[in-house]
Amino acid sequence: MYYINEEIKDLYRIFDQNSRDGYIRMDLNENPVGLPQEFIDEVLSEVTPEFVAKYPEQLEFTTKLAKFIGVEVENICLVNGSAEGIRYIIQAYSRPGGKVLSVTPSYAMYDVYCEMYGRKSVHVDYDENLKMDVDKFIDAINDDIDLVIVLNPNNPVGDVYSYEEMDRIVEACKKHECTLLIDEAYFYFYPNSFIKYAMENDHVLLTRTFSKVFSLAGARLGYVVGRAPEIELVQKLCTPHNVNAFGMLFAEAIIEKEGMLDKLVEKQLNGKQHLIDTLEQKGYTVNADEGNFIFIKPKNRDASEIVDLMKKDKKILIKVYREVPNLGDCLRVSIGEAEVMDIFIEALEDIDK
Ligand SMILES: Cc1ncc(COP(=O)(O)O)c(C=O)c1O
């Protein structure tokens, strides 16, 4: 009899992220404008037939990245987007049937991976003011939990934890022998990192990505940080040559170009502030915390209707998150440079009347 893994057969996945060319993409927290064309051309001018023909080698880039973020090579595992790293951490640090604790709402893939591997995901909900009750979250950490996941900042709610709160979360995880995953996909938009916890403690891992501030979502590159034994375990799960040479080439060019990362952060955060200020001046209610995304309450029309019209008439992609308490009737918009924010504002005013 043919065997089919029922967990995979019944798994709910979304494969609708196609045909986005030609749109202003403000739906998936990418940089809607991207890196300067001259920079792309300059980096691609280094590409040779040998570069493309050869399996990618990671050591040189990992060494530079390790130095850049202040850790050793043994503390980094490169992954094909941080979504891959998260999957490996769930696979390696929770048992079949075991419990994975995270928050709701948050990044959808934690639950998808839990279902894929037959783990049970349990959640602590954000309150109606979109704040996490950290005591409640810590109370939910117990001997039954294998893996705890926190986001700093959260997506789609840009909420963060203080160092004192993270101290207590780490302590609770240690007490109950739960591994802790800290997802820092939006690091650099929010400068306080919890990387020291991953470096100083066993069973604490941190993931980051080049998809957001670095504007390299198409290149699929991320990394896991942790102590050497944890990283070794994650590394063992990686497919051979799991990260591609183009991703590493671009990421290296950005981290080596003096001031480039700072400029990327500054431009995008200026665009965010510009969007918030302009919308507030125009009488909109905006919910903006950390990260490269904000929520906007429409003044006149239904949020889903605006999302559809933005796509159809204005070629702009945005989203609604129906499941977010209080913000279910809001537009969720990824931010970019001020110029692209102006295009969005003009389109919104035209539609929301
Ligand atoms: C919180 C969070 N973690 C991880 C990811 C995955 O990013 P990537 O796989 O592109 O590195 C995302 C993507 O949106 C995210 O929002």
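Visitor: How many bridges join β6 to strand β7?

Guide: This is a predicted model, in which local features need pLDDT of at least 70, side-chain atom pairs count only at pLDDT 80 or more, and totals for chains, interfaces and linings use all residues. Residues are numbered from 1 along each chain as its sequence is written. Strands (E, at least two residues) and helices (H or I, at least four) are DSSP runs numbered from the N terminus, and two strands pair if DSSP finds at least two bridges between them. β6 and β7 (residues 204-209) run parallel, and the bridges joining them number four.

Visitor: Which helix does the chain pass through from β6 to β7?

Guide: This β-α-β crossover is right-handed, meaning that, with the strands pointing away from the viewer, the path from the first strand over the helix to the second runs clockwise. The helix on the way, residues 195-200, is α9.

Visitor: Which residue in β6 stands opposite isoleucine 149?

Guide: Strand β5 (residues 145-151) runs parallel to β6, and five bridges join the two. β5, helix α8 (residues 163-175) and β6 also make a right-handed β-α-β unit. Opposite isoleucine 149 stands leucine 181.

Visitor: Which residues point the other way from Thr179, Leu181 and Asp183 in β6?

Guide: In a regular strand the side chains alternate between the two faces of the sheet. Five of the five residues of β6 (residues 179-183) are buried, that is, 20 or more other C-beta atoms, placed from the backbone, lie within 10 Å of their own. Pointing the other way are Leu180 and Ile182.

Methods. A residue is buried if 20 or more other C-beta atoms lie within 10 Å of its own, exposed if 12 or fewer, and partly exposed in between; C-beta atoms are placed from the backbone.
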